[in-house]
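Dear colleague,

I am passing on a structure that I have been looking through, and below it you will find my notes on what turned up. Please keep the structure open beside this message while you read.

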Amino acid sequence: MPKKRRKLNKDFEKQIYTSKKNVELVLAKIYDIDDEDIQKEYMSAFNNVVYSYDQLKNDYELTGFNDNSDKLIAEYNVAFSTFESEFEI
(Lines give C-alpha, C1' and ligand atoms only; values in the text may rest on other atoms or scores of the structure.)
Protein backbone atom coordinates (compact mmCIF):
# COMPACT_ATOMS: atom_id res chain seq x y z
CA MET A 1 0.00 0.00 0.00
CA PRO A 2 1.51 3.38 -0.96
CA LYS A 3 2.38 5.75 1.80
CA LYS A 4 0.12 8.80 2.06
CA ARG A 5 1.95 12.06 1.34
CA ARG A 6 1.92 14.69 4.03
CA LYS A 7 0.27 17.99 3.25
CA LEU A 8 2.67 20.95 3.16
CA ASN A 9 1.96 24.60 3.90
CA LYS A 10 4.56 27.30 3.12
CA ASP A 11 3.10 29.88 5.52
CA PHE A 12 3.07 27.34 8.33
CA GLU A 13 6.67 26.39 7.55
CA LYS A 14 7.62 30.07 7.89
CA GLN A 15 5.93 30.17 11.31
CA ILE A 16 7.85 27.07 12.39
CA TYR A 17 11.12 28.60 11.14
CA THR A 18 10.43 31.84 13.03
CA SER A 19 9.55 29.85 16.13
CA LYS A 20 12.81 27.94 15.86
CA LYS A 21 14.81 31.16 15.62
CA ASN A 22 12.98 32.63 18.63
CA VAL A 23 13.68 29.52 20.71
CA GLU A 24 17.36 29.54 19.71
CA LEU A 25 17.69 33.24 20.54
CA VAL A 26 16.14 32.92 23.98
CA LEU A 27 18.19 29.80 24.75
CA ALA A 28 21.37 31.67 23.80
CA LYS A 29 20.38 34.52 26.12
CA ILE A 30 19.64 32.08 28.93
CA TYR A 31 23.01 30.37 28.47
CA ASP A 32 24.69 33.79 28.70
CA ILE A 33 23.34 34.35 32.23
CA ASP A 34 26.25 34.15 34.66
CA ASP A 35 24.31 33.38 37.84
CA GLU A 36 23.69 29.62 37.79
CA ASP A 37 20.57 29.77 39.98
CA ILE A 38 18.91 32.39 37.78
CA GLN A 39 19.94 30.46 34.67
CA LYS A 40 18.28 27.30 36.04
CA GLU A 41 15.13 29.24 36.91
CA TYR A 42 14.88 30.69 33.40
CA MET A 43 15.65 27.33 31.79
CA SER A 44 13.02 25.61 33.88
CA ALA A 45 10.41 28.17 32.88
CA PHE A 46 11.45 28.03 29.20
CA ASN A 47 11.19 24.23 29.02
CA ASN A 48 7.45 24.52 28.37
CA VAL A 49 8.13 26.68 25.31
CA VAL A 50 10.77 24.26 24.02
CA TYR A 51 8.39 21.33 24.56
CA SER A 52 5.61 23.14 22.65
CA TYR A 53 7.99 23.92 19.79
CA ASP A 54 9.22 20.31 19.63
CA GLN A 55 5.64 19.02 19.44
CA LEU A 56 4.85 21.50 16.69
CA LYS A 57 7.93 20.65 14.64
CA ASN A 58 7.61 16.88 15.07
CA ASP A 59 3.91 16.85 14.18
CA TYR A 60 4.56 18.81 11.00
CA GLU A 61 7.50 16.62 10.00
CA LEU A 62 5.53 13.41 10.55
CA THR A 63 2.05 14.28 9.35
CA GLY A 64 2.35 17.63 7.60
CA PHE A 65 -0.21 20.39 7.90
CA ASN A 66 -3.39 19.03 9.48
CA ASP A 67 -6.28 19.94 11.76
CA ASN A 68 -4.00 19.75 14.78
CA SER A 69 -1.41 22.18 13.36
CA ASP A 70 -3.31 25.37 14.21
CA LYS A 71 -3.83 24.13 17.76
CA LEU A 72 -0.13 23.35 18.19
CA ILE A 73 1.05 26.75 16.87
CA ALA A 74 -1.47 28.46 19.16
CA GLU A 75 -0.16 26.48 22.17
CA TYR A 76 3.41 27.44 21.28
CA ASN A 77 2.48 31.12 20.91
CA VAL A 78 0.69 31.12 24.29
CA ALA A 79 3.66 29.41 25.98
CA PHE A 80 6.14 31.86 24.43
CA SER A 81 4.01 34.90 25.33
CA THR A 82 3.59 33.66 28.87
CA PHE A 83 7.33 33.21 29.25
CA GLU A 84 8.00 36.69 27.83
CA SER A 85 5.49 38.29 30.17
CA GLU A 86 6.87 36.57 33.28
CA PHE A 87 10.58 36.76 32.55
CA GLU A 88 12.61 39.65 31.24
CA ILE A 89 15.21 38.45 28.80
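E13, leaving aside its neighbours within four places in sequence, is in contact with L8 and Y60, where contact means heavy atoms within 4.5 Å. Please bear in mind that this is a predicted model, in which local features need pLDDT of at least 70 and side-chain atom pairs count only at pLDDT 80 or more, while totals for chains, interfaces and linings use all residues. Residues are numbered from 1 along each chain as its sequence is written, and side-chain values use heavy atoms, with hydrogens and water left out.

To stay with E13 for a moment, this residue is found in helix 1, and it is partly exposed, with a relative accessible area of 27%. For these labels, buried means under 20% relative accessible area, exposed means over 50%, and partly exposed lies in between, using a 1.4 Å probe and protein chains only. E13 and T63 are 50 residues apart in sequence, yet their C-alpha atoms are 13 Å apart in space.

Helices (H or I, at least four residues) and strands (E, at least two) are DSSP runs, numbered from the N terminus. Along the principal axes, the C-alpha atoms fill a box of roughly 55 × 20 × 20 Å.

Of the 89 residues of the chain, 31% count as buried. Among the contacts with a separation of 6 or more, residues 24 or more positions apart account for 68%.

What lies in the interior? The largest nonpolar core has 22 residues, and those with the most contacts inside it are V23, F46, V49, Y76 and F83. Helix 1 (10–31), helix 2 (36–63) and helix 3 (67–86) each supply at least two residues of this core, and the largest share, eight residues, comes from helix 2. A nonpolar core here is a set of buried Ala, Val, Leu, Ile, Met, Phe, Trp, Tyr and Cys residues joined through side-chain atoms within 4.5 Å.

Leaving aside neighbours within four places in sequence, Y76 is in contact with S19, N22, V23, V49, S52, Y53 and L56. One of these partners, S52, is found in helix 2 and is buried, with a relative accessible area of 7%.

L27 lies in helix 1 and counts as buried at 19% relative accessibility. Not counting residues up to four places away in sequence, L27 touches M43, F46 and V50, and the C-alpha atoms of L27 and V50, 23 residues apart along the chain, are separated by 9.3 Å. K20 also lies in helix 1, but this residue is partly exposed, with a relative accessible area of 35%. K20 and K57 are 37 residues apart in sequence and 8.9 Å apart in space, C-alpha to C-alpha.

With best wishes
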